[in-house]
Structures are given as C-alpha cells and as structure tokens.
Amino acid sequence: MTAGLLDLPAPLFGAVEEALAGHVPPLWRLGLWAALAALVSIELYRMLSPQRRIAAAAADLRRAQGALAAFDGEFRDALPLMRRTMAAAGRRLAMVFPASIAAALPILALLVWLDGAYGARLPDPGQPVAVKAEPAGLEARWVDAAGGRDGAVVVTDGPREVARAAVQAPVTSIHKWRWWNLLVGNPAGYLPPAAPVERVDIDLPRNELVGVGPPWMRGWEVPFLLLFTVFALVARRARRVV
C-alpha cells in the first residue's frame, strides 16, 4: 500500500487538474487551488466553530488585557489580573482549536497532492540525475526506462546490486515504510524491509512556475502560500469570521 490517509482525495484533485490543464496555465491553476483552499478552510472553520461564544470570549480577553495594561501597582496585586487574562485566552483557544484542526485537514491533503503534481518532474531521456543512498558506502544511480521518461534507481554495494526501485512518479526520495506513511504515502512505493539501504534521495529537476527570482521562489510553494493567505484574509473578512 503506497497511499496514506491524506492521499485519499488525490484522485479528485487529479481529475480537476486534468480538466483544467488544457485551458488554464499552471500558475493560474495554482491560484485557483489557493482560492478554493482558502474558501473551504474558512467555511469549514465557520461552520464547525461556535462563532458567538468565540466573539464573547475574545471580548472578555480584550477587557482582561486592557485591565492588566492599565494596572499600576505591585506585582503581587497584578496576579489576579494575570490569571484572568490567561483564563480568558485559554477559553478562547479551547473554542477555536477543534475547528481549526478540522479545517486544516483538507488543506494538508491538498498540499500533499500539490507537492506531487507541481514539485519535481521526471527527467528527460538522457538527462543526468544525481542519486544518493544511505547509509554511506553504498552507491546509487539513475537508470532510464526504455521508451519512456520514467526510470529506476539502482543501489549497489561494490559489484553487487542490493536494491532496485522503479520510479514512475516524480518523487525525490524512496525509503523503507515508516509509521507516518499511514498519513502520507510514497507514490513510488518503499524499499524492502530487509534491504541494506535505508533511503535513496533523487535529485529530480524541479518545476518552475515563476520565471524570476531566486530558485526557492520559482516553485509552487511561495506563490501558493502567498495567494492562499490573501484569499483567506479576504474570505475571513467577507464572512465575518472570528
């Protein structure tokens, strides 16, 4: 099993992406995903959180903070005001935390899918790919597949081949199965438990959606997060979410 729980919506995301791919440029598609993610997260949070109680708790917190800020006396005399402020902040946090976690889950699933769809890409035939195996002492190399853009990584210990893994999806690492793969799987699968190699890192070429700026700004992460933040702030203000 290569899919995790956060990978379950991936077929739906992929179907939407495929429908848009022939009509909308990649950066614009990313903007649409950011807008959708912002709207879904804000609406989920609004529906799942007790908005009136949160507003009342926020007002209590502001009053407590104002009283503490205006206090001019001995430290020991301020302790009741400090406890009141901390209690008000704790009540508000307890109200927003469950809904915040629930609203974040679809966004986490989308981020996992976006990294696979917009992050790395499979190399062109003959394009060199650096591969590194752990532990040190093992050698690894990329092998092109005949008649296609996918390939495989081959790990050797001297003249002996100790592991081979097909790479049919643009993943940057293959490793043995770990508990967190229950949440996020590896589309390329996993190394055998008995293999002497623990991990293989693959330096695949990265997709560039932005043509200017340093390399770390040209991928999907920075534009998505910036657009998501802007859309989320607009949606929060429009829906009057507290």
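Me: Why is Glu208 called exposed?

Reply: This is a predicted model, and in it Glu208 has a relative accessibility of 53%. The term exposed requires a value over 50%, so Glu208 is called exposed.

Me: What makes the pairing of Glu208 with Arg218 a salt bridge?

Reply: The closest N and O atoms of Glu208 and Arg218 are 3.6 Å apart. A salt bridge calls for such atoms within 4 Å, and the pair therefore qualifies. Both Glu208 and Arg218 lie in the loop between β6 and α5, 10 residues apart.

Me: Is Arg218 buried, partly exposed or exposed, and how do you know?

Reply: Arg218 has a relative accessibility of 23%. Buried means under 20% and exposed means over 50%; Arg218 is therefore partly exposed.

Me: Why is Ser173 called buried?

Reply: The relative accessibility of Ser173 is 14%. Buried means under 20%, and so Ser173 belongs to that class. Ser173 lies in strand β5, which covers residues 173–175. Apart from neighbours within four places in sequence, Ser173 is in contact with Asn186, Arg199, Val200 and Asp201.

Me: How do you know that Asp60 and Arg63 form a salt bridge?

Reply: Their side chains meet at 2.1 Å, N to O. The cut-off is 4 Å, and the pair therefore meets the criterion. Asp60 and Arg63 are three residues apart in helix α3 (residues 51–70), so about one helical turn separates them. Asp60, at 27% relative accessibility, counts as partly exposed, and Arg63, at 48%, also counts as partly exposed.

Me: What makes the contact between Asp124 and Arg121 a salt bridge?

Reply: The side chains of Asp124 and Arg121 meet at 3.9 Å, N to O. This value is within 4 Å, so the term applies. Asp124 has a relative accessible area of 35% and is partly exposed; Arg121, with 26%, is partly exposed.

Me: How many salt bridges does a search of the whole structure find, and which residues are linked with Arg239 in a network?

Reply: The search finds 12 salt bridges. Glu43 and Arg46 are linked with Arg239 in a network of salt bridges.

Me: Which kind of peptide bond joins Glu134 and Pro135?

Reply: A cis peptide bond joins Glu134 and Pro135, with omega at about 5 degrees. Most peptide bonds are trans. Pro135 is located in the loop between β1 (130–134) and β2 (139–144).

Technical notes. Residues are numbered from 1 along each chain as its sequence is written. This is a predicted model: local features need pLDDT of at least 70, side-chain atom pairs count only at pLDDT 80 or more; totals for chains, interfaces and linings use all residues. Side-chain values use heavy atoms; hydrogens and water are left out. Helices (H or I, at least four residues) and strands (E, at least two) are DSSP runs, numbered from the N terminus. Buried means under 20% relative accessible area, exposed over 50%, partly exposed in between (1.4 Å probe, protein chains only). Contact means heavy atoms within 4.5 Å.
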